[in-house]
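Please read this briefing with the sequence and the 3D structure in view. The points are grouped by topic.

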Amino acid sequence: MPQGTVKIRMPGNIKEKTLKDIKVNILGTEYSVSEIPQSKSNGYLSDADGYCDSSIHTIVIDDMSDHEGQPGQKKDLKNYKNKVFRHEIVHAFLEESGIQGECPWNTEEMVDWVALQLPKIVEACKEVGVM
């Protein structure tokens, strides 16, 4: 698979797309996804691997190219990048739901938990025929 390409489940099948090409519908609002190296993010990714800017309906993900092969970095950057993408999608859903800053359980830890467990939750629901 070419660098910068991830498998993302699209309606009805699985397609390979670069995150740079993705538009995602979040509760009726189209978000664009940008994938850029941390070194070219003008500091926006200096303390995070991604962010969601609901004011312009954009999700930005570190493409991880600056981290590949670096000591102390995760070995499976593709899998980690997908988790970051899910994390930012959860933020977008919270924002579009109108509860981004209003819920006491809306913490980075809870958003991380949802992003980490979401594939397992979807798989369990499919397994019992409720998806």
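Methionine 64 has a relative accessible area of 3%, so it is buried (under 20% relative accessible area; over 50% is exposed and in between is partly exposed, with a 1.4 Å probe and protein chains only). The model is predicted: local features need pLDDT of at least 70, side-chain atom pairs count only at pLDDT 80 or more, and totals for chains, interfaces and linings use all residues. Residues are numbered from 1 along each chain as its sequence is written, and side-chain values use heavy atoms, with hydrogens and water left out.

**The loop between S6 and H1**

- Methionine 64 lies in the loop between S6 and H1; helices (H or I, at least four residues) and strands (E, at least two) are DSSP runs, numbered from the N terminus.
- The phi of methionine 64 is near 70°, a positive value in a residue other than glycine.
- Aspartate 63 is also placed in the loop between strand S6 (58–62) and H1.
- With a relative accessible area of 17%, aspartate 63 is buried.
- Aspartate 63 is in contact (heavy atoms within 4.5 Å) with Glu35, Ile36, Pro37 and Lys81, leaving aside neighbours within four places in sequence.

**Strands and turns**

- Strand S5 (residues 50–53) and S6 run antiparallel and are joined by four bridges; two strands pair if DSSP finds at least two bridges between them.
- Glycine 50 has isoleucine 61 in S6 as its bridge partner.
- A hairpin is formed by S5 and S6, with four residues between them, and histidine 57 in the turn has a positive phi of about 55°.
- Leucine 27 sits in the loop between strand S3 (23–26) and strand S4 (29–36).
- Although leucine 27 is not a glycine, it has a positive phi of about 50°.

**The helix pair**

- Helix H1 (residues 77–96) and helix H2 (residues 108–127) have axes that come within 8 Å and cross at roughly 120°; axes are lines fitted to C-alpha atoms, for helices over the stretch in contact, and angles run from 0 to 180 degrees between N-to-C directions.
- H1 and H2 are therefore oblique to each other (under 35 degrees is roughly parallel, over 145 roughly antiparallel, 65 to 115 roughly perpendicular, and the rest oblique).
- The residues of H1 that meet H2 include Lys83, Arg86 and Leu94, and those on the H2 side include Val114, Leu116 and Pro119.
- Histidine 87 belongs to helix H1 and counts as buried at 6% relative accessibility.
- Not counting residues up to four places away in sequence, histidine 87 touches Glu108, Val111, Asp112 and Ala115.
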